[in-house]
Amino acid sequence: MPHRTRPLTALLVFTGLNVFMVSTITPVYDFVCFLPYWERRRERLRQEREAALTKGST
């Protein structure tokens with residue numbers, strides 16, 4: 001082999017990256033999911049659904 005394998009170092013780096021990614025997913029998820037755009041879109045879709053239901057029932 002041209003280089004030494006370091007399984008413990010690789011394991012520690014892998015675990016560290018996973019810990020970092022797990023700790024940063026919540027703020028990213030909150031930022032993406034609770035943007036005002038999505039809130040407005042959800043409200044507009046709800047209003048359209050209610051309008052279609054009332055129009056269909058009359």
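With a relative accessible area of 32%, Arg46 counts as partly exposed; the term covers values between buried, under 20%, and exposed, over 50%, with a 1.4 Å probe and protein chains only. The structure is a predicted model, in which local features need pLDDT of at least 70 and side-chain atom pairs count only at pLDDT 80 or more, while totals for chains, interfaces and linings use all residues. Residues are numbered from 1 along each chain as its sequence is written, and side-chain values use heavy atoms, with hydrogens and water left out.

The protein contains two helices and zero strands, where helices (H or I, at least four residues) and strands (E, at least two) are DSSP runs numbered from the N terminus. Its radius of gyration is 24 Å, well over the 10 Å that the globule rule gives for 58 residues, so the protein is more spread out than a compact globule. That radius is taken over C-alpha atoms, and the rule is 2.2 Å times the number of residues to the power 0.38. The C-alpha trace spans about 80 × 20 × 15 Å along its principal axes. Of the 58 residues, 0% count as buried. The accessible surface comes to about 5700 Å², and 70% of it belongs to carbon and sulfur atoms; such areas come from the Shrake-Rupley method with a 1.4 Å probe, and for residues only the protein chains shown count as cover.

Side chains of opposite charge can pair when their charged atoms come close. The structure holds four salt bridges, each defined as a side-chain nitrogen of Lys or Arg within 4 Å of a carboxyl oxygen of Asp or Glu. In one of them, the closest N and O atoms of Glu43 and Arg46 are 2.3 Å apart. Because Glu43 and Arg46 are three residues apart in helix H2, about one helical turn separates them. A network of salt bridges links Glu43, Arg46 and Glu50. Glu39 and Arg42 also meet in a salt bridge, at 3.1 Å from N to O, as do Arg44 and Glu48 at 3.2 Å. Arg44 and Glu48 are four residues apart in helix H2, again about one helical turn.

The nonpolar side of the picture is a surface patch of about 860 Å², made by Ile25, Val28, Tyr29, Phe31, Val32, Phe34, Tyr37 and Trp38. Patches consist of residues with over 30% relative accessible area and no salt bridge; like charges are joined within 9 Å and nonpolar side chains (Val, Leu, Ile, Met, Phe, Trp, Tyr) within 5 Å. Helix H1 (7-33) and helix H2 (36-57) each supply at least two residues of the patch, and H1 gives the largest share, five residues.

Cys33, in helix H1, touches Trp38 and Arg42, not counting residues up to four places away in sequence; contact means heavy atoms within 4.5 Å. Cys33 is partly exposed, with a relative accessible area of 25%. Between the C-alpha atoms of Cys33 and Arg46, 13 residues apart along the chain, the separation is 17 Å.
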